[in-house]
Amino acid sequence: MLKYDITKVKGLALDIETDSPSHKTEDNLNRFINKIEYISFTHFWDEKVVTHGYFWEELDFEDTCKIVIMLEKPSIKKIGHYFKGDLNILCHHLKCTVNGVWFDTLMAYKMIDENSPADLPTLAEVYWYIQHYPFPEFIDKKIGKYLKVTNKKGETKLKFHELDEGSINTIKTRYMGWRNRRLALHCNEDSLMTWNIAQELKKELIKVGLLEWFLLTEMRTMEIIQKCEMAGAYVDIEYLKQLLVPYTEEWQTELNKLQEIVELCYNESGDS
């Protein structure tokens, strides 16, 4: 499905949608099990900015290999909005590493204005004067307990649990078709907006003389942390316990002294 020549890609903005709307804030263990539903890339192609989006389940082996190549190639600069979580999910599912993490729009904006909100909808309004509406949540929240229908007498409410199974399946099928279209549109909008905002923020950082500092410190640190989160950190617990042995008796003595002081304070105050 990825028909374009990835060897010509020099940089890209990426965004993914998963089955959990909070995958960017969850802890790592939960984040890794999120199912990827859609992925979008925005990059410079034939003298213009182009956005490509794909439903994850429709990608074949060759497509995923191309994505892995783009993620691992250091010369392809990666752009995203608070996208360390996205990278972790992609690394987990594709069993790869990410190189060339270049620009995070949230972190870049915080370099310019650390006190203002830096979510993507806010930045879209700041730099593009566009009101960005978040994608609605899942089907049970969308439909709720009631279904509004229009009949000859006007609009009425039907209790959802009173509908027959055929009606419910029809509603779900229609909604999922609409949801998938909105999901694709939302993800593509995000990657395109992230690309555009990154260009504006780059200019801002150049003006204040912080671009080089941002790329060499903030972004380099983010790439290292992302790789550390994927690789984990080995801790030799037994060795650490051995290091503590010489200090255990001394610490216990000090703790006993502290306990005596606490008891003395309680006695002097009249509390038990």
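# Reading the bonds, core and surface of a predicted model

Reader: How should I read the salt bridges, and how many does the structure hold?

Author: Side chains of opposite charge can pair when their charged atoms come close. The criterion is a side-chain nitrogen of Lys or Arg within 4 Å of a carboxyl oxygen of Asp or Glu, and the structure holds 6 such bridges. One of them joins K35 to E57, with the closest N and O atoms 2.8 Å apart. K35 sits in the loop between α1 (28–31) and β2 (36–45), and E57 in the loop between β3 (48–55) and α2, so this pair ties together parts 22 residues apart in sequence. K35 is partly exposed at 39% relative accessibility, and E57 is exposed at 62%.

Reader: Where do K66 and E62 lie?

Author: Both belong to helix α2, 4 residues apart, or about one turn of the helix. Helices (H or I, at least four residues) and strands (E, at least two) are DSSP runs numbered from the N terminus; the protein has 9 helices and 7 strands. The K66–E62 salt bridge has its closest N and O atoms 4.0 Å apart, and K66 is buried at 19% relative accessibility. Helix α2 (residues 61–72) also contains T64, likewise buried at 19%.

Reader: Which residues are linked with E223 in a network of salt bridges?

Author: The network links E223 with R220 and K227. The E223–R220 bridge spans 3.4 Å from N to O, and these two residues are 3 apart in helix α8, about one turn. E223 is buried at 8% relative accessibility, while R220 is partly exposed at 41%.

Reader: How many residues does the largest nonpolar core have?

Author: In soluble globular proteins, nonpolar side chains tend to be buried together. A nonpolar core is a set of buried Ala, Val, Leu, Ile, Met, Phe, Trp, Tyr and Cys residues joined through side-chain atoms within 4.5 Å. The largest has 47 residues, and L90 and F103 make the most contacts inside it. Its largest share, 6 residues, comes from helix α7 (residues 165–207). In the whole protein, 36% of the 272 residues are buried.

Reader: Which residues make the nonpolar surface patch?

Author: V235, I237, Y239, L240 and L243 make this patch of about 480 Å². Patches consist of residues with over 30% relative accessible area and no salt bridge, like charges being joined within 9 Å and nonpolar side chains (Val, Leu, Ile, Met, Phe, Trp, Tyr) within 5 Å. V235 lies in the loop between α8 (211–231) and α9 (237–269).

Methods. Residues numbered from 1 in each chain as written. Predicted model: local features only at pLDDT ≥ 70, side-chain atom pairs only at ≥ 80, totals over all residues. Heavy atoms only, no water. Areas by Shrake-Rupley, 256 points an atom, 1.4 Å probe, with all protein chains shown as cover. Buried < 20%, exposed > 50% of the residue type's maximum accessible area, 1.4 Å probe, protein only.
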